[in-house]
Amino acid sequence: MWRLPFYLLSIWLGFKFVRWALRYLESNKSEPMIRSGNDKKCVDDLVKDPVCGKFVPVKNSISTVKNGNQVHFCSEACLKQYLDQ
Ligand SMILES: [Zn+2]
């Protein structure tokens, strides 16, 4: 006679577990794919020094704008030589 409450309890627990599992799966699925980050890439890109032909990372280069184009140099000496031409 006391079996019925036991069954009801196990069904209730099973139901709760299923609901929890579904919510867990759903929260994993709907997690937004946030991949921040190609910001670094352009900083590490290599640019060619038109004077000496050397490739230098953008962040280490010395740049100037001439005729609307940005030009990058490995050193101030190259920049100076370029501007003196
Ligand atoms: Zn150079």
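Q: Where is Cys78 placed?
A: Cys78 sits in helix H3, residues 76-84. Helices (H or I, at least four residues) and strands (E, at least two) are DSSP runs, numbered from the N terminus. This is a predicted model: local features need pLDDT of at least 70, side-chain atom pairs count only at pLDDT 80 or more, and totals for chains, interfaces and linings use all residues. Residues are numbered from 1 along each chain as its sequence is written.

Q: Is Cys78 buried or exposed?
A: Cys78 is buried, because 21 C-beta neighbours lie inside 10 Å. The cut-offs: buried is 20 or more other C-beta atoms within 10 Å of the residue's own, exposed is 12 or fewer, partly exposed is in between, with C-beta atoms placed from the backbone.

Q: What does Cys78 touch, leaving out residues up to four places away in sequence?
A: Asp49, Val51, Cys52 and Phe73. Contact means C-beta atoms, placed from the backbone, within 7 Å.

Q: How far apart are the C-alpha atoms of Cys78 and Asp49?
A: They are separated by 7.8 Å, and the two residues are 29 apart along the chain.

Q: Back to Phe73. Which residue is its bridge partner?
A: Ile62 pairs with Phe73, which lies in E4.

Q: How do strands E3 and E4 run?
A: Antiparallel, with five bridges joining E3 (residues 62-66) to E4 (residues 69-73). Two strands pair if DSSP finds at least two bridges between them.

Q: New topic: the turn. How many residues lie between E3 and E4?
A: Two, and the strands form a hairpin. Asn67 is in that loop. Its phi is positive, near 55°, though Asn67 is not glycine.

Q: Is Asn67 buried or exposed?
A: Asn67 counts as exposed, because it has 5 C-beta neighbours inside 10 Å.

Conventions: Contact = placed C-beta atoms within 7 Å.
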